Structures are given as structure tokens and as C-alpha cells.
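Here are some notes for a colleague who is opening this structure for the first time. Please read them with the sequence and the model side by side.

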Amino acid sequence: MVVRKRIMSTITKIILNVNQFSFRKLNCSIHLLLFLLLVSFLALTSGEIADSDEELLCRTCGHKVTTAEHLINKPSPVALSHHNDTILGKSAVLIQLFENALESRFELITVSKADVYKHGEASLDHTWYPGNAWRVTICPRCGMHLGWSFESGTSEKSSKKEIFYGLILEDLLHKDYVESLLLVPKSYK
């Protein structure tokens, strides 16, 4: 998003300031060319999450789960341990280790948005984020368990629910890594 704004700003400045260059005879052509370039750029980048290069995919089927812009750091007082790492080009992403009631351990990252299916009713039992009810989340394409959603304001009196997701890092792959595994002949690129 930041790169898009910078490029748009640069193209707009060029369009507005093209007269300062000594292209008197070509002004109309340059304006038209720059305008078309701006329109093309906006058309290519108008998609939301779908067109980001910084994506995390389901390890099982490759479904797009989330992007770098949705990574958030949501510390939990019940995490067994935590550390920071760079994920999707974003530095200092919080990775926390949790253990469930069955003594299975999971390293989680937290995101504000994820394309997952929330399964079952929200529960406050054994929650890793006090005050937040959890639900299991699965991949909508293959059904792989990808983590949990956490909801605050689950009482009937509260009208506003805040939802974030704890995704199992081991069950996700970076889009660039997946693409590096696929060998495509040069003639098809």
C-alpha cells in the first residue's frame, strides 16, 4: 500500500510538472502517456488482499490466508515463550508458543484479517487471550486446521466484537517460497 501511494504520487508530480521540461512540442503526448501509465497502474493495483506479493498460504493446498499488512503483535500473558522474527518482510513480528489442554504445542502469529472458516461456537475455556473467546479456524479450501479466531465482546450486551486470529506458523508458507518450488520452462514465463 505504501509503495502504491509513492508511485501514484510520483506519477502525479510528473504529470503536473511536465511543462517545466523542455518538451514543448511533446507536452500533449507526454501528458497522454503519463495519464495512461497512471490509469494502468491503478487498474493493476486496485485489488485488495488478492494481489499482494507478501502473502501467507495454507501449507496443504496453497489457499491465500493473509498478507503482511494484516500482521499484528498481540502478546498473551499465558504464552510459554515468545520471540520476534521477520515475516513477509515485516520485522519484529511476535511469535508465541502455546500449549493446549491436550499438551500439544503451537507457535502462533497474530493477524487482524484472515481468509479462514471459523468452526463451532466461541468458548472462553482454556483461552490463551484472557477475555477473548476462541474458535478453531480451518482452511476454507482443504479443511486444514490453521489456528484460532479470538473474539472480545462476546456477551450479548456488547454490540462490538473485536476479532483477531492466531495462525499456526508451521501450517503456513510464504508465497515466494511456494513459487520457488515450481520450475516453469522459460518459454512459459
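Does Lys 161 count as buried, partly exposed or exposed, and at what relative accessibility?

1. Lys 161 counts as partly exposed, its relative accessibility being 45%. The model is a predicted one, and in it the side chain of Lys 161 forms a salt bridge with that of Glu 151, with 3.7 Å from N to O. Glu 151 belongs to strand β9 (residues 145–152), while Lys 161 sits in the loop between β9 and β10 (162–168), so the bridge ties together parts that are 10 residues apart in sequence. Glu 151 has a relative accessible area of 2% and is buried, because the cut-off for that class is under 20%.

2. The structure holds 5 salt bridges, and one of them joins the side chains of Glu 55 and Lys 175 at 3.9 Å, N to O. This pair links distant parts of the chain, since Glu 55 is in strand β1 (residues 55–58) and Lys 175 is in helix α3 (residues 175–181), 120 residues apart. Both Glu 55 and Lys 175 are buried.

3. A further salt bridge brings together the side chains of Glu 99 and Arg 105, with an N to O distance of 3.0 Å. Glu 99 is partly exposed at 32% relative accessibility, whereas Arg 105 has a relative accessible area of 53% and is exposed, because exposed means over 50%.

4. Thr 127 deserves a separate look, and it is found in the loop between β7 (117–123) and β8 (133–138). With 16% relative accessibility, Thr 127 counts as buried, and its side chain reaches the backbone oxygen of Asn 132 at 2.6 Å. Leaving aside residues up to four places away in sequence, Thr 127 touches Val 78, Asn 132, Trp 134 and Phe 150.

5. On confidence, the protein averages a pLDDT of 80, and 64% of the residues score at least 70. Over residues 18–23 the pLDDT is below 50, and this stretch has 7 contacts in the model beyond near neighbours in sequence. The pLDDT is also below 50 over residues 43–51, a stretch with 9 contacts in the model beyond near neighbours in sequence. Where pLDDT is low, the predicted coordinates should not be read in detail.

Key:
Residues are numbered from 1 along each chain as its sequence is written. Side-chain values use heavy atoms; hydrogens and water are left out. A salt bridge is a side-chain nitrogen of Lys or Arg within 4 Å of a carboxyl oxygen of Asp or Glu. Helices (H or I, at least four residues) and strands (E, at least two) are DSSP runs, numbered from the N terminus. Buried means under 20% relative accessible area, exposed over 50%, partly exposed in between (1.4 Å probe, protein chains only). pLDDT is the predictor's confidence in each residue, from 0 to 100. Contact means heavy atoms within 4.5 Å. A polar contact is a pair of N or O atoms within 3.5 Å; within protein, one must be able to donate a hydrogen and the other to accept it, and residues adjacent in sequence count only if both atoms are side-chain atoms.
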